[in-house]
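Here is a colleague's note for someone opening this entry for the first time. Please keep the structure in view and follow the points in order.

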Amino acid sequence: MEGSLEDLAQYRIKRAWEMLEAAKENLKIGQYKTALNRSYYAVFHAMRAANILRGFDSSKHSGVIAFFTKEFLKTEYMDRKLSFIIKSSSLLREKSDYDDFLLQAEQRLRNR
């Protein structure tokens with residue numbers, strides 16, 4: 001038996017909180033790349049939770065972000081400033097996942 005859209009949204013919000021808690025723990029122990037990844041996925045799961053309540057679902061990150069932006073930010077249902085958080089967390093997650101020396105390069109710049 002399948003649950004309701006509200007049940008699915010609640011499940012996704014729970015996952016978002018779990019990702020956020022994991023990010024905090026990773027940050028405490030110096031796992032910065034993993035903390036960035038978990039932070040982004042907290043945002044991603046929260047957007048998916050909101051989107052499903054409007055009848056939209058996608059596992060593609062670009063689709064989730066585009067729908068959320070159109071439905072919640074451009075309509076000013078939510079603060080448009082969230083767009084910065086979404087974009088920057090997405091960019092940082094990609095860099096931390098795929099740029100092998102991201103943190104080392106940033107550290108070298110700070111030490112100059």
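This is a predicted model: local features need pLDDT of at least 70, side-chain atom pairs count only at pLDDT 80 or more; totals for chains, interfaces and linings use all residues.

The points below go from the overall fold to single residues.

1. The protein has 5 helices and 0 strands. Read from the N terminus, the order of elements is α-α-α-α-α.

2. **Burial and contacts overall.** The protein has 112 residues, and 31% of them count as buried. Take the contacts with a separation of 6 or more: 46% of them join residues 24 or more positions apart.

3. **The nonpolar core.** Start with the largest nonpolar core, which has 14 residues. Tyr 40, Tyr 41, Phe 44, Met 47, Ile 65, Phe 68 and Ile 86 have the most contacts inside it. Helix 2 gives the most, with 7 residues.

4. The structure holds 6 aromatic pairs. One of them joins Tyr 40 and Tyr 41, with ring centres 5.2 Å apart. Why is this pair edge-to-face? The planes of the two rings stand at 75°, and an angle over 60 degrees counts as edge-to-face. Tyr 40, Tyr 41 and Phe 44 together form one aromatic cluster.

5. Are Tyr 40 and Tyr 41 buried or exposed? Tyr 40 has 0% relative accessibility, so it counts as buried. Tyr 41 has 18% relative accessibility and also counts as buried. The cut-off for buried is under 20%.

6. **Phe 44 and its partners.** Phe 44 belongs to the aromatic cluster and is among the core residues with the most contacts. Which residues does Phe 44 touch, leaving aside its neighbours within four places in sequence? They are Ser 59, His 61 and Val 64.

7. **His 45.** The next residue to check is His 45, which lies in helix 2. His 45 counts as buried because its relative accessibility is 5%. Its neighbours within four places in sequence aside, His 45 is in contact with Arg 12, Arg 15, Ala 16 and Met 19.

8. **The largest pocket.** The largest pocket has a volume of about 370 Å³. It is lined by 18 residues. Ala 42, Val 43, Ala 46, Met 47 and Ile 85 lie nearest its centre. Helix 1 (5-28), helix 2 and helix 4 each supply at least two residues of the lining. Which helix supplies the largest share of the lining? Helix 2 does, with 7 residues.

9. **A charge over a ring.** Look next at Arg 54 and Tyr 77. Arg 54 lies over the face of Tyr 77. The distance from the ring centre is 5.1 Å.

10. **A backbone point to check.** Most residues other than glycine have a negative phi. Glu 76 is not a glycine, yet its phi is positive, at about 60°. Where does Glu 76 sit? Its place is in the loop between helix 3 (61-73) and helix 4 (82-98). Glu 76 counts as exposed, because its relative accessibility is 57% and the cut-off for exposed is over 50%.

Key:
Residues are numbered from 1 along each chain as its sequence is written. Side-chain values use heavy atoms; hydrogens and water are left out. Helices (H or I, at least four residues) and strands (E, at least two) are DSSP runs, numbered from the N terminus. Buried means under 20% relative accessible area, exposed over 50%, partly exposed in between (1.4 Å probe, protein chains only). Rings of Phe, Tyr and Trp (its six-membered ring) pair if their centres lie within 6.5 Å; planes under 30 degrees apart count as stacked, over 60 as edge-to-face and the rest as tilted. A charge sits over a ring if NZ of Lys or CZ of Arg is within 6 Å of the ring centre and within 35 degrees of the ring normal. A nonpolar core is a set of buried Ala, Val, Leu, Ile, Met, Phe, Trp, Tyr and Cys residues joined through side-chain atoms within 4.5 Å. Contact means heavy atoms within 4.5 Å. On a 1 Å grid over the protein atoms alone, a cavity is a set of points where a 1.4 Å probe fits but cannot get out, and a pocket is an open set with protein on both sides within 12 Å along at least five of seven lines; lining residues have an atom within 4 Å of a point. Grid points are joined across faces, edges and corners, and a volume is the space filled by probe spheres set on the points.
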